[in-house]
Amino acid sequence: MKAWIPRGTRRWARPLGATAAAGVAMAALTGTVVFAGGGAAGGGKSGGTTVTDPSLPAPRVDMRIVRESDRDGKAVNLTLDDGPDPTWTPKALEILARYGAKATFCMTGPNARAHPDLVKKVVAAGHRLCDHSMSHDTAMDKKPVGYQKKEILDAQKMIEEAAGGERVRYYRAPGGAFTPQSRQLAAAHGMVNLGWNVDPGDYERPGTDAIVAKAKRQLRNGPTILLHDGGGDRAQSMEALERLLPWLKEQGYAFGFPKIPQA
C-alpha cells in the first residue's frame with residue numbers, strides 16, 4: 001500500500017466555469033440528468049451542480065454532496081475517518097456506546113480488509129459504513145476516471161465483504177477531492193457523496209482543547225462533524241470525542257446520520 005498522505009490541507013471543488021456552464025445548458029437540450037446544488041465539495045456549502053457523464057453508469061441516488069441530517073430539529077452527524085484501526089476504533093465504539101451516540105465510519109478498503117472483526121463490530125453497534133477509497137489519495141481529482149473508479153469500487157467491495165454483506169451507504173473522497181465523475185460513480189453504486197460542515201483539524205493533532213473549541217465554534221456551519229479514528233495517533237481525537245458528546249447532549253443535540261436523498 002502506498003504511503004499515507006498528510007491531511008493538513010483541505011481541498012475544495014472549483015466553481016463552474018464557462019465549459020461546465022455550457023455543459024449544463026447542453027444537458028437541458030439533450031436530456032442529460034442535472035443535479036443542482038451549488039457550492040464546494042468537502043466541508044463547504046451545498047453539493048455543487050453536476051452533469052452526468054453518459055459514458056458512466058447512471059446514478060441510483062442523488063449525486064450532490066450531502067451534509068444534512070436525517071433527524072429533524074437540533075441534531076449532529078458524527079463521522080469518523082481513516083479506520084478501522086485496532087487501537088482507536090474500539091475506543092471510539094466504547095465512547096459512542098457510553099453516550100448513546102451513533103456515527104458513520106468512513107473506512108479505507110485495505111483497513112477494512114485487515115480488520116473485518118472491527119467492521120462487523122461497527123455494524124453490530126448500529127453505526128453506518130462509508131467508503132473512503134483504497135489508498136487515501138487526496139489528489140484523486142487530478143487522476144484519470146479509471147483510477148478514481150478503482151479507488152472507489154474496490155474499497156466498497158472490500159468494506160462490504162469485511163462487514164459480512166452490510167451495505168456501504170456513503171462515499172467520502174479523501175481530503176474532499178470529489179469530481180463530477182467520482183460523484184456519479186459513487187451514486188451509480190448506491191452511495192451518497194458525504195461532505196462535512198465541522199472540521200476541527202484533529203488529524204493535525206493540535207491538542208484536545210483546540211479540537212474541542214474549534215468543533216464547538218464551527219457547529220454553526222451545519223450538522224456533520226469530521227473526526228478521525230485512523231491514519232495515525234488518534235488519542236487527541238478520542239479525548240475530544242469524549243468531551244464533545246456529553247456537551248452536545250447538554251446542548252440538546254440528537255445524534256443522526258447524513259441524509260440519504262433519492263435521485
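This short talk presents some local features of the structure shown above. The model is predicted: local features need pLDDT of at least 70, side-chain atom pairs count only at pLDDT 80 or more, and totals for chains, interfaces and linings use all residues. Residues are numbered from 1 along each chain as its sequence is written, and side-chain values use heavy atoms, with hydrogens and water left out.

I begin with the aromatic rings. A search of the whole structure finds one aromatic pair. Tyr171 and Phe178 form this pair, with 5.8 Å centre to centre and 85° between the planes, an edge-to-face arrangement. To pair, rings of Phe, Tyr and Trp (its six-membered ring) must have centres within 6.5 Å; planes under 30 degrees apart count as stacked, over 60 as edge-to-face and the rest as tilted. Tyr171 is buried at a relative accessible area of 0%, and Phe178 is buried at 5%. Here, buried means under 20% relative accessible area, exposed over 50%, and partly exposed in between (1.4 Å probe, protein chains only).

I turn next to the backbone. Which residues does a cis peptide bond join? Gly83 and Pro84 are joined in this way, with omega about 0°. Pro84 is found in the loop between strand E4 (75–83) and helix H2 (88–98). Helices (H or I, at least four residues) and strands (E, at least two) are DSSP runs, numbered from the N terminus.

Finally, the loop between strand E6 (128–131) and helix H5 (145–162) contains Ser133. Although Ser133 is not a glycine, its phi is positive, about 80°. His136, in the loop between E6 and H5, has a positive phi near 55°. Ser133 is buried, with a relative accessible area of 0%, and His136 is buried at 0%.
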